[in-house]
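Q: Please take a close look at one chain of this model. I would like its make-up, its overall form and its surface in turn.

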Amino acid sequence: MTPTLAHYLIVSGLLFTIGLAGVMLRRNIIIIFMCLELMLNAANLSLVAFSRYNLTMEGLPNYNGQILVFFIITVAAAEVAVGLAIIVALFRARQTTHVEDLDSMKF
Amino acid sequence: MTAFLLSPEFRVVFLGIFLLMLDSFTKTDKRYIAWAGIVGLVILFGFSFFPGLPEGVFPPGFYLSDPTALFFKRFMLLSTILTLALALDYSKVYQEYIPAGRPGAGLGEFYILPIFACAGFMWLVSAADFIMIFVSLELVTMCFYVLVASMRKNLLSLEAGVKYLILGALSTGFLVYGITWVIGLTGHTSLDGIREVLPIVPQGYQVALMFGLGLILVAVGFKVAAVPFQFWVPDVYQGAPTPVTAYLSVASKAAGFVVLMRVIEPFLTVPGLEQKIVTVLTVLAALTLLYGNLAALPQTNFKRLLAYSSIAHAGYLLVGVASVGAEASGPAVGFYLGGYLLMTFLAFLVLVHVGRVTGGDDISDFNGLGRRSPVLALGLLIAMLSLAGLPFTIGFLGKFLIFEAAMQSHQYLLVVLGAVTVACGFYYYLKVVRAMYWQPVVAEAPAIPVPVFTRFLIALLSAAIIIFGIYPQPLLAMLR
C-alpha cells in the first residue's frame, strides 16, 4: 500500500493533537515548550504533504508551501532561543519551572 | 528593487541597526539613544506624508500598498514614538530591576527593540500573503517576548514573560496549522490568489476550509484579546514594564485587527461561508463586550483595569468587524483604533509618572492626584472620559461610527449590548476620576514632578482627543 495524502494528514493531525494536549495537560514549562514545537512540526508535515500531492498545472509541486516550511523552521529556532533564555531567567529567580508556581498575580 | 529598499519598513530597520551600533559605543548616558530613536521616527513619520510607493500589490505578491496600509503605518510609527517617550520616563524604574553589570546595561535594548517591532508591525499591515503575515507577525512577537520579560529582577515581569511566551507560541501553532489547511486546499499563499480560487473550490472542501480559517481566527483572537482567548491579558499587562504594556495594548491590537479584516475578506465573497463567519464574529464580539466590561468592574489595580478595558475595547472593535457588508465598517474600525491610541497612551503616560513616585499602580495610589499634580490629573481625566465615551471626545465618535456601521448591517443585538456595556464602562472609568478628585491626599504623598516633554505630550494628546472628537474629518479622510 502506498501512502496517500490522507495518511500524511492524519499523522500531522495526530502530532498537532498530541502537542495541544501536552500544552494543556503538562505542568512543566520545558515540556510545554517541547509540545509547542511539536505543533509547529505538524504544520510542516502537512504543508509538505499538500505541496507534494496537489501538483500545479505544470505537474510541479506547489513550492510556495515548501517555502513557508523553511520560514517556520527558522522562526521555531528563534523562538526556542528566546524562550529558553526566558525560562532560564525564571529558574534563576524562582528555582522552578512549574506553571503552578506562577501565581503571584491574582486579583 | 530600489523602490522596495526605500519602503518605510527598511528605513525603520536601518534606524534600528544604526541605534544598535550607537548603543555599543555609548558608555555613559543611554537615554540619548531613545531621543535619537524618537527624532528618527518623527522624521520617518513626516516622510510618510510625501508621495511614496505607488498603490497596489508589488510583483512577488507579498507586499501591498493602499490607503489603509498607509494609515496604519503612520499609526504604528506614532505608537512607537509614544512608547519610546514612555520608556524614557520609565528608565529609572526599569534600571532597578535589571542586573547591573555596568551602568545602563540593558537600557539600550529596551529603547531599540520597539523600533524593530515597529518595522514588523508596518510589514504586517502591508502583508498580502500568508508567508508575509506569518513572518512579520513572528518578528513582532519575538521582540515582545524579550520586552515583556526584560525586567529580570522583577518576578511579575518574568512571570508575565513566561505566560506571554507560552500563549504566544500556542497562538503561532494555531496560526500555522490553520494557514497550512487554507494553503493546502486552495493551492495559493497570497490572499489575491485565494480570492480567485475560492469560488471554484469543491463544496466538499468547505468544512476543511472552515477548520483552517477557524484556527487562524483563534490565533488572531489571541492577538486582539477576544474572549475566550483573553485569559493571558490581565497577567501579562500587569507584569510587563508599563511602556511595553501600552505598546502591546495599542499596536499589537491594531495589527491583529488589520490582519483579521484582510484575512476574512476573501472568504466573505463565498456565499456559503459568509453567514458562518458573521455568526462566529458576532458571538465573539458579544462575549468580549460582556466579559471585558463586567470583569473590569471590581478591579483595584489600575494596570489590570486598563487590561480589562482593552478587552472591552476589543469587543467594540469586533462589533465593527462583524458589521460585514456595511460600507463604513472598515473606516469605523480604523477611526476607533486611532482614538484608542490617543487615549490609551495618555492614560499610560500618567500612570508611568504616578507609578514612578508612589511605587505602585493601584487605583488608591491616584488618591488626591487632583491636588498633588493638576496637570497629570487633568490629562487622566480627559483620557478616562474619552475611554468611557463621553460626547465631544474621540472615544464617543469612535463608538458612534461603530454602532452606525452595525445598524447598517442589521446587527441590532450587538448595538443593544454595546449600549448597555458603555454604561458599565462609565462606572469603572469614573472610579479613577473619583479617586483623583474626591479622595483625600495621603499625608506623606510627595508632589510629582513632570518633565517638560511629558507636559507637551499630555497637552498634545488631550488636545487631539478633543479636537478630533469635534472635528473628525481629517482623520476620516485618511481612511476613505
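A: For a compact globule of 107 residues the radius of gyration would be near 13 Å, whereas chain A has 18 Å. That radius is taken over C-alpha atoms, and the globule rule is 2.2 Å times the number of residues to the power 0.38. The model is predicted: local features need pLDDT of at least 70, side-chain atom pairs count only at pLDDT 80 or more, and totals for chains, interfaces and linings use all residues. Residues are numbered from 1 along each chain as its sequence is written, chains are lettered from A and ligands numbered from 1 in the order in which they are written, and side-chain values use heavy atoms, with hydrogens and water left out.

The C-alpha trace of chain A spans about 60 × 25 × 25 Å along its principal axes. Chain A holds three helices and zero strands, in the order α-α-α from the N terminus. Helices (H or I, at least four residues) and strands (E, at least two) are DSSP runs, numbered from the N terminus.

Next come contacts and cover. Taking contacts in chain A between residues at least 6 apart in sequence, 60% join residues at least 24 apart; contact means heavy atoms within 4.5 Å. Of the 107 residues in chain A, 39% count as buried, that is, under 20% relative accessible area (1.4 Å probe, protein chains only).

As for the surface, chain A exposes about 6,000 Å², and carbon and sulfur atoms supply 69% of that area. Accessible areas come from the Shrake-Rupley method with a 1.4 Å probe.

How values were computed
Buried < 20%, exposed > 50% of the residue type's maximum accessible area, 1.4 Å probe, protein only.
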